Amino acid sequence: AFGMGIDKPNVRLVVHMDMPKTLEAYYQETGRAGRDGRPSDCILFFSLVDRRKHQYFIDQIEDLQERDRCVQKLKRVIDYGQTTTCRRQFILDYFGEVYPDTSCTACDNCLPEPLASSLSSQATCLSRERMLEEIVRGVSATGGRFGVGYICDLLHGSRNKRILENQHNHLSVHGTLRQMPVGDIRVQLSSLIRTGHLEKIGSEYPTVRVSKLGRDLLAHTAEA
């Protein structure tokens with residue numbers, strides 16, 4: 001990926017091999033592609049492992065306000081990488097612009113046959129509505145006292161020491177999404193946080209709880 005100083009009009013492909021630090025940098029670098037108006041591609045190899053590297057350098061910043069600003073910007077990059085909605089709409093909204101359509105018909109989330117689906121083929125037998133419902137149900141069943149990783153393991157059917165000690169392997173939600181990889185469950189859980197159905201509480205060791213919007217979802221499902 002290239003930013004300033006690259007002014008070739010016929011760049012057809014920009015590849016980010018790791019997670020950018022900010023959406024500003026990402027937007028500028030992807031803007032190198034297709035400056036002649038012809039179709040071009042931008043590919044981002046997104047992995048949460050890259051967050052550790054960025055977080056390490058952020059932790060070295062002495063100015064607390066600047067450190068917090070960098071943390072928030074990195075969080076927005078992660079939100080962008082994990083979103084299951086239109087990426088063009090997401091990034092334009094970040095910069096204060098309004099994209100009137102719900103689909104750009106160009107990003108991986110909007111293509112009729114996505115180049116890289118956010119869900120594995122193992123999960124396609126479940127409707128997305130069912131997945132989201134099960135995730136909210138899982139958070140509700142544990143009383144909002146656990147973090148993202150724990151909820152994902154619970155829904156995946158893990159029998160790790162902590163789940164067994166809490167006897168959560170006996171909950172009805174245990175293993176309801178066992179056909180989905182844990183990473184896919186995490187992606188969908190993150191989308192529920194962004195849509196306001198779930199809330200993250202705390203900073204150092206954040207837990208997840210069901211919001212009013214999430215409770216309404218479960219109530220509506222029960223009525224149906």
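Start with the secondary structure: the chain carries 9 helices and 4 strands, where helices (H or I, at least four residues) and strands (E, at least two) are DSSP runs numbered from the N terminus. Colour by element and walk from the N terminus, and the order reads β-α-β-α-α-α-α-α-α-α-β-β-α. This is a predicted model, in which local features need pLDDT of at least 70 and side-chain atom pairs count only at pLDDT 80 or more, while totals for chains, interfaces and linings use all residues. Residues are numbered from 1 along each chain as its sequence is written, and side-chain values use heavy atoms, with hydrogens and water left out.

**The whole chain**

Zoom out for a moment. Along the principal axes, the C-alpha atoms fill a box of roughly 60 × 45 × 30 Å. Of the 224 residues, 37% count as buried. On this tour, buried means under 20% relative accessible area, exposed means over 50%, and partly exposed is in between (1.4 Å probe, protein chains only).

**Stop 1: R12 and D36**

Select R12 and D36 and show their side chains. They form a salt bridge, with the closest N and O atoms 2.8 Å apart; the term stands for a side-chain nitrogen of Lys or Arg within 4 Å of a carboxyl oxygen of Asp or Glu. R12 sits in the segment before strand 1 and D36 in the loop between helix 1 (23-30) and strand 2 (41-44), so the pair ties together parts that are 24 residues apart in sequence. R12 is partly exposed at 27% relative accessible area, and D36 is partly exposed too, at 34%. Searching the whole structure gives 12 salt bridges.

**Stop 2: salt bridges within helices**

Next, pick E66 and R69, whose closest N and O atoms are 2.7 Å apart in a salt bridge. Both lie in helix 3 (residues 64-82), 3 residues apart, or about one turn of the helix. R69 is partly exposed at 39%, and E66 is partly exposed at 28%.

Then move to K161 and E165. Here the salt bridge has its closest N and O atoms 4.0 Å apart. The two residues are 4 apart in helix 7 (residues 161-165), about one helical turn. E165 is exposed at 54%, as is K161 at 63%.

**Stop 3**

Switch to a surface view and select L13, M17, I43 and F45. They form a nonpolar patch with about 430 Å² of accessible area together. Patches are built from residues with over 30% relative accessible area and no salt bridge, joining like charges within 9 Å and nonpolar side chains (Val, Leu, Ile, Met, Phe, Trp, Tyr) within 5 Å. The areas come from the Shrake-Rupley method with a 1.4 Å probe, and for residues only the protein chains shown count as cover. L13 belongs to strand 1 (residues 13-16) and is partly exposed at 47%.

For a charged counterpart, select R51, R52, K75 and K200, which make a positive surface patch. Lys and Arg count as positive and Asp and Glu as negative, with His and the chain ends not counted; each charge is placed at NZ of Lys, CZ of Arg, CG of Asp or CD of Glu. R52 lies in helix 2 (residues 49-59) and is exposed at 63%.

**Stop 4: cysteines and a buried glutamine**

How many disulfides does a search of the whole structure find? The count is 0, taking a disulfide as a pair of cysteine sulfur atoms within 2.5 Å. Select C86 and C104: the closest cysteine sulfur to that of C86 is in C104, 3.7 Å away and too far for a bond. C86 is buried at 2% relative accessibility.

C152 is buried at 0%. Q188 lies in helix 8 (residues 182-194) and is buried at 0%.

**Stop 5: two positive phi angles**

Finish with the backbone. Most residues other than glycine have a negative phi. T105, not a glycine, has a positive phi of about 60°. T105 is in the loop between helix 4 (87-94) and helix 5 (128-141) and is exposed at 57%. Q167 also has a positive phi of about 60° without being a glycine. Look for Q167 in the loop between helix 7 and helix 8, where Q167 is exposed at 53%.
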